[in-house]
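Hi,

Here is the structure I promised to pass on. My notes on it follow below; I hope they are of use.

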Amino acid sequence: MFMINLKSFLNLDFARDEEGSIALETMIIIPVLFWVYMAMFSIFDAYRQYALHQKAAYTIGDMVSRETAAIDNDYLDGMHALFDTMTRDPQDSTLRVSLVYYDAGSNTIKLDWSQTRGTLMPQLSEDDVTNIKGQLPNMVDAERVLLVETWANYEPPFKTGLERRVIDNFVFTRPRYAPQIVFDNAV
């Protein structure tokens, strides 16, 4: 008896009627599509920021590596301003420029000088230099390498699951036209 009533109910036009279903589907799918669009935009923006920061770090490393005259505090302030301009980043950023060299006699990396602009990281110390030895290229005795390190806070444009993070870069460049880059602290 129940099966007969069920079959007659399913054969009715009511079971086959599809009016109004598009409105219901739209109400369900529109918020999901909107969230997916915002998530894709946030992920794209994060990749874009990472690429901008890396390109800016390489540019600064290349510029400093070509210097033949001593660089000073004003030069590094300008490099930090250039980094902020190139990344178009309103967040806090830090630029650390250091010159290290390899001592083959003791098989160690030593620090010539290090300067920092910004508040996220301190200057490089002798202890820090020993920790980054594995990140540096193979060097011959007394060869110098310029390190450019950058850090910047990144805040995603939308709250879609990406977290706030720090974008960091570690770039090394050999001096191009002079055997070493001199920092003039007197100015």
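Two strands count as paired if DSSP finds at least two bridges between them; helices (H or I, at least four residues) and strands (E, at least two) are DSSP runs, numbered from the N terminus. Please keep in mind that this is a predicted model, where local features need pLDDT of at least 70, side-chain atom pairs count only at pLDDT 80 or more, and totals for chains, interfaces and linings use all residues. Residues are numbered from 1 along each chain as its sequence is written, and side-chain values use heavy atoms, with hydrogens and water left out.

Let me start with the hairpin. β1 and β2 run antiparallel and are joined by nine bridges; in one of them, Arg96 has Thr116 in β2 as its partner. Four residues separate the two strands, and Asn107 in the turn has a positive phi of about 50°. β2 itself is largely enclosed by the rest of the structure, because seven of its 10 residues are buried.

Another positive phi in a residue other than glycine belongs to Ala142, near 70°. Ala142 sits in the loop between α5 (126–131) and β3 (144–154) and is partly exposed at 44% relative accessibility.

Finally, Tyr37 lies in helix α3 (residues 21–65). Why does Tyr37 count as exposed? Because its relative accessibility is 52%.

Best wishes

Key
Buried means under 20% relative accessible area, exposed over 50%, partly exposed in between (1.4 Å probe, protein chains only).
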